[in-house]
Amino acid sequence: MTSVSASDSSSGAGGLQVLYDSVLGPYLAAQDRRVLAARRNRWLVLVAGLALAGGVLAWAWQSGSDSEYGPMAGFGLALGSIGYFWFSTATIAEDVRHELMGRIAKWLGLGYEAEARGFDLDRFALLGLAGCDKVSRSDRLFGKVSGLPVDLMAARLADQSSTGVGNQRHSQIVERFSGLLLRIGDPAPASACFRLLPPAGATPHGMLRGAPVVMLDRPADLRAMAAGSAQSAPATPTGDAAFDEGFELQAADVAPALRRLDAGMRAALLDIAGRFGGGPVSVGFDDGEILFAFVTRQRFEIGPLRPPMAEFERVQHLADQMAILAVIADTLKRAAGI
């Protein structure tokens, strides 16, 4: 994919290089100083804390007191010092990434929410991803890209089940999804509601296939699809061998689904499916929107928290990841002949 910085660097004040030189570079340079100071201070705290803990323990031993408070205080100081050493820089990387994503999103004309509270997960009932017991949200990007409304977030979804009672009670957490969820406006909306699931053998632990559709006052064709699980619901071949190898079509009304999945759309979906590492992908068409669930470990990364962070390549890499939304929107519009 062409770098967003390469494609926009000639656009005057709007170029990523200009944004980096004027805002992001100085910010990252300040974070480099912050990291170096935090690393220096954590060593001071570790050495001083362990020395003090050793002194307290030695005093407790020599005093011969039966009180447990002295040893407890010594061990507490030691554990606190070690904990501070490991976690004093733990939040800096996330702080930096959130700040960069917010500024780059604004430059791209998008909104950004670090905790993704505004993302409507219920819209993904069609793909069986609504109604999870445990939901972890992050990095929401939303707005319009190439004229299409988009809403994306990184998510981890899991269900929790319990068996037994009292001391015999056991809980089990089953991960249903981990990756990126994307809602985008359909450039050629049709009166069709259907979903495309990855083949049964293509997903780890049946992810994207093991959960039935969660009913949240959805249309009748969703209720028809929910009558059987993803494993038992029949798949309808499209006649495109390459497409049918990557997706299984499930639709209550097959004819409009096949019309929407013309040659251009099938090629577009196969191309989009490989944009986030080529992992399992499910797709839904519903009420003028296209829903994507990308199973991927890829997140919006800036590299390790190791100075120098004030490198343009880090910002360019992050901006290119975020600009994939524009690539997806343009691919769908081309498939629709727009």
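Ala-116 is buried, with a relative accessible area of 0%. Buried means under 20% relative accessible area, exposed over 50%, and partly exposed in between, with a 1.4 Å probe and protein chains only. Ala-116 sits in the loop between β1 (110–113) and β2 (134–145). Its phi is positive, about 55°, although Ala-116 is not a glycine.

The model is predicted: local features need pLDDT of at least 70, side-chain atom pairs count only at pLDDT 80 or more, and totals for chains, interfaces and linings use all residues. Residues are numbered from 1 along each chain as its sequence is written, and side-chain values use heavy atoms, with hydrogens and water left out.

Now the chain as a whole. It has 10 helices and 8 strands. Helices (H or I, at least four residues) and strands (E, at least two) are DSSP runs, numbered from the N terminus. Of the 338 residues, 44% are buried. Contact means heavy atoms within 4.5 Å. Among contacts between residues at least 6 apart in sequence, 70% join residues at least 24 apart. The chain exposes about 16600 Å², and carbon and sulfur atoms supply 56% of that area. Accessible areas come from the Shrake-Rupley method with a 1.4 Å probe; for residues, only the protein chains shown count as cover.

Next, the interior. A nonpolar core is a set of buried Ala, Val, Leu, Ile, Met, Phe, Trp, Tyr and Cys residues joined through side-chain atoms within 4.5 Å. The largest such core holds 60 residues, and Leu-196, Leu-269 and Phe-292 touch the most other members. Helix α2 (residues 16–63) gives the most to this core, with 8 residues. Another core, of 18 residues, lies apart from it; Ala-116, Leu-127, Leu-129 and Leu-181 are among its members. Back in the 60-residue core, take Leu-269. Not counting residues up to four places away in sequence, Leu-269 touches Leu-196, Phe-243, Phe-247, Leu-261, Val-283, Phe-285 and Phe-292.

Met-265 lies in helix α8 (residues 263–273). It is buried, at 0% relative accessible area. Beyond its neighbours within four places in sequence, Met-265 is in contact with Arg-260, Phe-285, Leu-332 and Ala-335. Met-265 and Lys-333 are 68 residues apart in sequence, yet 9.4 Å apart in space, C-alpha to C-alpha.

The whole structure has 2 cavities of 30 Å³ or more. On a 1 Å grid over the protein atoms alone, a cavity is a set of points where a 1.4 Å probe fits but cannot get out; lining residues have an atom within 4 Å of a point. Grid points are joined across faces, edges and corners, and a volume is the space filled by probe spheres set on the points.

Ala, Val, Leu, Ile, Met, Phe, Trp, Tyr, Cys and Pro count as nonpolar, Asp, Glu, Lys and Arg as charged, and the others, Gly among them, as polar.

Asp-287 lies in the loop between β7 (281–286) and β8. It is exposed, with a relative accessible area of 62%. Its phi is near 55°, a positive value in a residue other than glycine. Glu-289 belongs to strand β8 (residues 289–295). At 16% relative accessibility, Glu-289 counts as buried. Leaving aside neighbours within four places in sequence, Glu-289 contacts Arg-123, Arg-183, Ile-184, Asp-186 and Gly-284.

The second largest cavity has a volume of about 40 Å³. Its lining divides into 8 nonpolar residues, 1 polar and no charged. Helices α9 (312–322) and α10 (324–335) each supply at least two lining residues. The largest share, 3 residues, comes from α10. Gln-321 and Met-322 are among the lining residues, and both are also among the buried residues of α9. In α9, 8 of the 11 residues are buried, so this helix is largely enclosed by the rest of the structure.

Finish at the surface. Glu-245 is found in helix α6 (residues 241–246). It is exposed, with a relative accessible area of 65%. Glu-245 and Pro-198 are 47 residues apart in sequence and 8.5 Å apart in space, C-alpha to C-alpha.

Note on methods:
On a 1 Å grid over the protein atoms alone, a cavity is a set of points where a 1.4 Å probe fits but cannot get out, and a pocket is an open set with protein on both sides within 12 Å along at least five of seven lines; lining residues have an atom within 4 Å of a point.
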